Amino acid sequence: MSGCGCDIEIKDQEQKKVLYWLLGINAVMFVVEMSVGLLADSTALIADSLDMLADAVVYGIGIYAVGKTIIHKANAAKISGYFQLILGLIILFDIARRSILGSDPESLLMMGMGFVALIANVICLLIIRKQKSGEVHMRASWIFSANDVIANMGVILAGVTVYLFDTRWPDLVIGLIVSIIVLRGAISILKDAKQELRNNSQSIGEAL
């Protein structure tokens, strides 16, 4: 049946399935990584766990946006971007606090948890790879998943350098880098969402 909208419905269901998987993985990993991060006294792990939380929120908002209008999807992406921006600033505050008050990160826990998180995020990246050039809310999900893989490798590197040089500074540096990655991802999706809204406004104006 032509014009029945079946292809759109199938596409929406595919998007929801992908986002539910990503939401579940990131929500579980946030709880686990935050717990290990606090136990290991690691800025890098705590920063990465907050990044997982931001992603879980992104995917939850993305699920809401599936099947909605372009404006709804762009606004959902904007909310995701602003939330991630706030978490990036929280990470920066924690880094400043720990650099002043001190910390004693546990390198082996950092490396082990970083490796587990890396595996989880590679799985997320494989799940969403077909959506990386899709609609704005799905592009947001791809950006955040790709950023996570980079952040996880940084956490593992921090654990190795903390172990080799017996100093907390690599942990703080990687935490700072993770926060920059989070902030860059937030800015990127905010720009993408605003451009999508501008394009939509122009299309409506031309139609009128």
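These questions and answers cover helix packing in a predicted model.

The model's local features need pLDDT of at least 70 and side-chain atom pairs pLDDT 80 or more, while totals for chains, interfaces and linings use all residues. Residues are numbered from 1 along each chain as its sequence is written, and side-chain values use heavy atoms, without hydrogens and water.

Visitor: Are H2 and H3 roughly parallel or roughly antiparallel to each other?
Guide: Helices here are DSSP runs (H or I, at least four residues), numbered from the N terminus. The axes, lines fitted to C-alpha atoms over the stretch in contact, of H2 (residues 43-65) and H3 (residues 70-101) cross at roughly 170°. Angles run from 0 to 180 degrees between N-to-C directions; under 35 counts as roughly parallel, over 145 as roughly antiparallel, 65 to 115 as roughly perpendicular and the rest as oblique. H2 and H3 are therefore roughly antiparallel.

Visitor: How do H2 and H4 (residues 107-128) pack, and at what angle?
Guide: Their axes are 10 Å apart. H2 is roughly parallel to H4, because they pack at an angle of about 20°.

Visitor: Which residues in H4 meet H2?
Guide: Contact means heavy atoms within 4.5 Å. On the H2 side are Ala-44, Leu-45, Asp-48 and Met-52. They meet Leu-109, Met-110, Met-113, Gly-114, Ala-117 and Asn-121 in H4.

Visitor: What is the helix content of residues 79-96?
Guide: UniProt, in an unreviewed entry, places a "transmembrane region" at several spans, including 79-96; such annotations may be inferred rather than shown by experiment. The end C-alpha atoms of residues 79-96 lie 26 Å apart.

Key: Helices (H or I, at least four residues) and strands (E, at least two) are DSSP runs, numbered from the N terminus.
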